[in-house]
Amino acid sequence: MNGRPHIRQASPLPSDLVARYRDWRATRYEEKRGRYAQLASEGQRPHAMVISCCDSRVTLPEMFGADPGEFFVHRNIASIVPPHDPGAQRHCTSAAVEYAVSVLQVPHVLVIGHSGCGGVQGCHDMCAGLAPALEAEGSMVGRWLDVLRPVYARTIDVDPALRLGAMERAGVLISLENLLSYRFVQAPVAAGRLRLHGLWTDIASGVLEEYDATSGTFVPL
């Protein structure tokens, strides 16, 4: 093993995933073989960065019929962009944004929230005192969701039946605000080389809403 640890817990892929891979390799990959070869030799030049939720139901590139290489995608719980914090121990999302903006020089960054977001629900419950497990100091999910705490206060007067949806959209705006706390984002935005976009999608209907800075509201596309 060349000095590497023998990880006995690693298991073979389930047979259904192996079958799906082989089907993809024989069909869709073959259809785009030339495109994959081009990407491998020339590198990536994505049209935009997408920051979306880990939720398996959210597939923004698919909504736009994206081909391989068109979107630089970063997923995390609740589509959160944390504020600039050079003292933090880990910088997964921040590093992805820096790479997309500074190295790949994408012209657009899209942040997308969605209906039924479990992360936003968790933030709501934590702020309402209904999720002690998330409040615990050792909860990594809870400490991540701390970034969204301001949306609870911002939506305090919203009808309870509509509040989670309002929090989901407000969370997108928090992430846009936090993007602008990074100098490597501020400069290209000010120069007009980078544009930030806030989106929210309803999973059941497929409706995609875009934040309109003029009206200060999300409007259907």
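Colleague: Where does Gln-38 lie?
Modeller: The model is a predicted one. In it, Gln-38 and Gly-69 are 31 residues apart in sequence and 9.9 Å apart in space, C-alpha to C-alpha. The element that holds Gln-38, residues 33-42, is helix H3.

Colleague: Is Gln-38 buried, partly exposed or exposed?
Modeller: Buried requires under 20% relative accessible area and exposed over 50%. The relative accessible area of Gln-38 is 33%, so Gln-38 is partly exposed.

Colleague: How many helices and strands does the chain have?
Modeller: The chain has 221 residues, of which 35% count as buried. Its C-alpha atoms fill a box of roughly 55 × 45 × 40 Å along the principal axes. The secondary structure amounts to eleven helices and six strands.

Colleague: Among contacts between residues at least 6 apart in sequence, what share joins residues at least 24 apart?
Modeller: The contacts counted are those in the chain between residues at least 6 apart in sequence. Of these, the share joining residues at least 24 apart is 61%.

Colleague: In what order do the strands of the open sheet run, and which are the edge strands?
Modeller: Six strands make up the open sheet, with mixed pairing, in the order E2-E1-E3-E4-E5-E6. Neighbouring strands are turned against each other by 30° on average, direction ignored. An edge strand pairs on one side only, and the two that do so are E2 (71-76) and E6 (217-220).

Colleague: Which residue of E4 is the bridge partner of Leu-110?
Modeller: E3 and E4 (residues 195-201) run parallel and are joined by seven bridges. The partner of Leu-110 in E4 is His-197.

Colleague: Which strands does H5 touch where it packs on the sheet?
Modeller: The direction of H5 makes about 170° with that of E2. Angles over 145 degrees count as roughly antiparallel. The strands touched by H5 are E1, E2 and E3.

Colleague: Which element gives the most residues to the largest nonpolar core?
Modeller: This core has 20 residues, and those touching the most other members are Met-49, Ile-51, Val-97, Val-106, Val-109, Leu-179 and Val-185. Two or more residues come from each of strand E1 (48-53), helix H5 (92-103), strand E3 (108-114) and helix H10 (163-179). With four residues, the largest contribution is that of H5.

Colleague: Which residues does Val-109 contact, leaving aside neighbours within four places in sequence?
Modeller: Val-109 is one of the core residues that touch the most other members. Its contacts include Met-49, Ile-51 and Leu-179, and these three are also named among the residues touching the most other members.

Colleague: How many residues are in the second, separate core?
Modeller: Among its members are Ile-80, Val-120, Ala-170 and Ile-174. The number of residues in this second core is 17.

Colleague: Are H6 and H10 roughly parallel or roughly perpendicular?
Modeller: The axes of H6 (residues 118-127) and H10 come within 10 Å and cross at roughly 110°. Angles from 65 to 115 degrees count as roughly perpendicular. H6 and H10 are therefore roughly perpendicular.

Colleague: How do the residues of the contact of H6 with H10 divide by type?
Modeller: From H6 come Val-120, Gln-121, Cys-123 and His-124, which meet Arg-163, Leu-164, Met-167 and Glu-168 in H10. By type they are four nonpolar, two polar and two charged.

Colleague: Is Ser-115 buried or exposed?
Modeller: Ser-115 lies in the loop between E3 and H6. Apart from neighbours within four places in sequence, its contacts are Arg-57, Glu-168, Trp-200, Thr-201, Asp-202 and Ile-203. With a relative accessible area of 13%, Ser-115 is buried.

Colleague: Which residues does Ser-94 contact, leaving aside neighbours within four places in sequence?
Modeller: Ser-94 is found in helix H5. At 12% relative accessibility Ser-94 counts as buried. The contacts are Pro-82, Tyr-182 and Phe-184.

Colleague: What is the relative accessible area of Ser-79?
Modeller: Ala-78 is in the loop between E2 and H5, and Ser-79 lies in the loop between E2 and H5 as well. Phi is positive in both, near 70° for Ala-78 and about 60° for Ser-79. Most residues other than glycine have a negative phi. Ala-78 is buried at 10% relative accessible area, and for Ser-79, also buried, the value is 3%.

Methods:
Residues numbered from 1 in each chain as written. Predicted model: local features only at pLDDT ≥ 70, side-chain atom pairs only at ≥ 80, totals over all residues. Heavy atoms only, no water. Core = buried A, V, L, I, M, F, W, Y, C linked by side-chain atoms within 4.5 Å. Buried < 20%, exposed > 50% of the residue type's maximum accessible area, 1.4 Å probe, protein only. Contact = heavy atoms within 4.5 Å. Axes fitted to C-alpha atoms, helices over the stretch in contact; angles between N-to-C directions. Parallel < 35°, antiparallel > 145°, perpendicular 65-115°, else oblique. Nonpolar A, V, L, I, M, F, W, Y, C, P; charged D, E, K, R; others polar. Pairing = 2+ DSSP bridges.
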